[in-house]
Structures are given as structure tokens and as C-alpha cells.
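Subject: Structure for your review

Dear colleague,

Please find below the structure that I am handing over to you.

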Amino acid sequence: MQQPEMSNLKERPHGTKFFPCAIYQTRSAGKGTLVKHHWHEEVEILYFFGKEFRLEINMEQFPIVSECFYFINPGELHSIYTTKANSYGEDAIVFHPGILSFDSLDATQLELIQPIQNGKLQFPRCLLPEHPAFAPIREGFIRVMHSFGKTLDEDTPLEHGAVTDDLTNQLYIKAALFQILATLSNYHMFKPTEKNYDKRVEGIKSTLAYIKENYRQEIYIRDLAKQVSMNEQYFCRFFKKAIGRSPMAYINEYRIKQSLGLLETTDLPVMDVCLECGFNNFGNFLREFKKYTATTPLQYRKHYLSKSSDRQT
């Protein structure tokens with residue numbers, strides 16, 4: 001059974017409370033959305049080891065045609081699509097730059113870590129294999145993955161992320177992240193942040209945040225259009241152009257994503273899951289659920305529990 005790729009919008013903090021760093025591994029099973037639109041306050045380093053992907057950052061498109069790294073700065077709206085079946089996948093390190101801070105105000109803290117934290121300094125957008133910085137950064141990336149107990153070539157998706165509270169692992173991770181930062185600094189790849197406020201991006205982020213906060217209730221197009229001061233007709237065109245689906249299709253998909261979590265972590269009856277996720281019509285819930293998962297809620301729960309039991313044995 002194929003499970004849809006659906007991630008939160010304004011995401012929860014990544015990692016743990018005391019070590020905000022996590023890794024993710026996403027694998028492609030076919031053409032379509034791999035990671036939905038979202039943003040977070042952490043830095044994200046994306047490693048693509050396949051091709052035929054499309055990365056969107058702040059409504060700008062970047063075709064992925066070879067092995068490469070992309071860097072997502074805090075607050076940037078981004079998503080990933082596969083443009084061809086069996087494009088394989090991508091790995092990601094998501095970390096808050098605060099884990100690299102020093103109490104002593106040395107040059108590293110004043111000229112690099114603080115400016116990154118304050119949004120005054122940005123990571124480069126892309127790094128390709130022919131650049132001399134690529135090999136050492138890939139080495140540092142692999143060291144982080146190994147410290148979380150993962151390798152780059154694993155086929156098993158790690159969609160919910162891996163974290164660690166182990167002191168030794170955290171030291172290795174910090175050392176590898178410093179290696180990555182040192183390499184970027186050595187090649188003068190950090191750039192001052194350009195103050196180019198994009199009203200469209202902020203409008204989409206505002207709309208997605210509204211959906212996340214209100215998905216349990218009835219949501220009308222007029223409510224969403226009001227968030228960005230647009231009329232309903234123009235808003236629908238604007239949203240579909242930015243996100244690639246209509247507002248109601250996106251809302252239904254987000255609600256189904258929430259229902260998956262409830263089916264996995266609770267024993268609520270399916271009808272209660274339906275109502276909890278904002279579906280007022282049970283038949284509509286079943287149709288949308290099957291549309292996105294190719295199965296029924298009960299079958300999904302049974303399959304998930306069976307897989308969880310297998311992992312524990």
C-alpha cells in the first residue's frame with residue numbers, strides 16, 4: 001500500500017527540545033508530489049541523489065537533473081515534486097543554527113552563527129558536483145546521517161524523521177555541521193540576505209497557516225480569500241497557480257493527512273476520525289480517503305498496526 005507524501009505547513013520544531021536537529025529520507029514511488037508546501041524556522045540541507053525532480057522555493061522553480069545539494073533558509077516556502085516515475089529520492093538535514101552557538105563571542109559566533117540566526121546571512125541556493133566544495137560537504141552530510149544511524153542509500157523512507165539524545169552522536173553531528181559551514185565559508189558561499197519581501201509568498205503562507213489552524217471546522221473560500229484581501233475568483237486562480245491544486249482539494253488532502261495520524265496513534269472509531277478532521281459527510285470522507293491512499297480507513301489502520309508489530313519483533 002502506498003502512503004501519500006504529506007507534511008505539515010508551518011512545521012513543528014525539528015529534532016528534540018534540547019537538540020533541534022533531525023534527518024529525513026523521502027523516497028519516490030511515482031510521478032507527483034513528494035513533499036508538500038511547508039516552511040520552518042530551521043535551516044534545511046537537501047541532498048538529491050536521483051534526477052527528474054522539481055524543487056520549488058518561494059514560488060521559484062528549480063529543476064533537479066543530477067546529484068546536487070540545495071539549501072533552504074529559515075522561513076522559505078518550499079516543496080518537492082517528482083517529474084518522472086522512479087526518480088528515487090532525497091535526504092535532508094534540518095537543524096536550528098542555535099545548536100552551533102558559543103557563549104564566547106569569537107569571530108565564528110559574531111560573523112557567522114549570529115548573522116545566520118538573525119536572518120542577515122544566507123546559505124547558497126545550490127551546490128553541484130563540479131564545485132570543489134561539493135565533496136567535503138557531501139562527506140560532512142554523510143557523517144551526520146551516520147550519526148543518526150542512517151546511510152544515504154537506504155530504501156526505507158524516513159518520512160517522520162530521526163532524532164538523537166545521545167551525547168556522543170550529538171558531538172559528531174555538530175562537528176560535521178561545522179565542517180559543512182567551514183567549507184561554505186572557505187569558498188565564500190554565504191551571502192548577505194536580500195530584503196526582497198514577496199507579498200505572494202507571504203499570502204500563501206498566511207493561507208496555509210489558516211487552513212492548519214481551522215481544518216476541523218467548515219472552511220469557505222471567502223474565508224481564505226479574506227486572509228490575503230482578494231476576491232474569491234482571483235484567489236482560487238492565485239492559489240492553484242502557486243500550489244498546483246484548488247483550495248478545496250488542498251484542504252481535503254490536509255484533512256486526510258491528519259486522519260492518517262489519528263488512525264495510526266489512536267483507537268478512535270472511523271466516524272470520530274472523520275468528524276475530528278473536519279469532514280461533516282462520512283461518504284465524502286471515505287471517497288477522499290480512498291482517493292489519496294487507495295484503501296479504506298480500516299484497512300489503512302490494520303496495515304499500519306501490522307507493520308508496527310513486525311518492526312517490534
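The following paragraphs set out what was found, beginning with the whole chain and ending with single residues.

Please bear in mind throughout that this is a predicted model.

Overall composition

The protein is built from 10 helices and 12 strands. It has 313 residues, and 48% of them count as buried. The accessible surface amounts to about 15900 Å², and carbon and sulfur atoms account for 51% of that area. Contacts across the sequence deserve attention as well: of those between residues at least 6 apart in sequence, 74% join residues at least 24 apart.

The nonpolar cores

Which residues touch the most other members of the largest nonpolar core? They are F69, I93, F95, F123 and L177, in a core of 35 residues. Several elements supply at least two residues each to this core: the strands β1 (21–27), β3 (43–48), β6 (68–72) and β8 (89–95), together with the helices α1 (107–117), α2 (134–147) and α3 (167–186). The element that gives the most is α3, with six residues.

Leaving aside neighbours within four places in sequence, F69 is in contact with I45, L46 and Y47, with R125, C126 and L127, and with F134, I137, R138 and F141.

The cavity

How many cavities of 30 Å³ or more does a search of the whole structure find? The search finds one. The largest cavity holds about 30 Å³ of space. Its lining is formed by H37, E56, I57, N58, M59, L77, H78 and A242. By type, these lining residues divide into four nonpolar, three polar and one charged.

Two residues with positive phi

E52 is not a glycine, yet its phi is positive, at about 65°. This residue lies in the loop between β3 and β4 (53–57). E52 counts as partly exposed because its relative accessibility is 31%, which falls between the limits of 20% and 50%.

H188, which is also a residue other than glycine, has a positive phi near 55°. Its place is the loop between α3 and β12 (191–192). Is H188 buried or exposed? H188 is exposed, because its relative accessible area of 63% is over 50%.

F279 is found in the loop between α8 (270–276) and α9. Its relative accessible area is 2%, which is under 20%, and F279 is therefore buried. Leaving aside neighbours within four places in sequence, F279 is in contact with N252, R255, I256, C274, N284, F285 and E288. The C-alpha atoms of F279 and Y215 are 9.1 Å apart, although the two residues are 64 residues apart in sequence.

K291 belongs to helix α9 (residues 282–293). With a relative accessibility of 59%, which is over 50%, K291 counts as exposed. K291 and I256 are 35 residues apart along the chain, and 9.8 Å separates their C-alpha atoms. I256 is also one of the residues in contact with F279.

Yours sincerely,
A colleague

Key:
Residues numbered from 1 in each chain as written. Predicted model: local features only at pLDDT ≥ 70, side-chain atom pairs only at ≥ 80, totals over all residues. Heavy atoms only, no water. Core = buried A, V, L, I, M, F, W, Y, C linked by side-chain atoms within 4.5 Å. Buried < 20%, exposed > 50% of the residue type's maximum accessible area, 1.4 Å probe, protein only. Helix = DSSP H or I, 4+ residues; strand = E, 2+ residues; numbered from the N terminus. Contact = heavy atoms within 4.5 Å. Areas by Shrake-Rupley, 256 points an atom, 1.4 Å probe, with all protein chains shown as cover. 1 Å grid on protein atoms, 1.4 Å probe; cavity = no way out; pocket = protein on both sides within 12 Å on 5 of 7 lines; lining within 4 Å. Points joined across faces, edges and corners; volume = space filled by probe spheres on them. Nonpolar A, V, L, I, M, F, W, Y, C, P; charged D, E, K, R; others polar.
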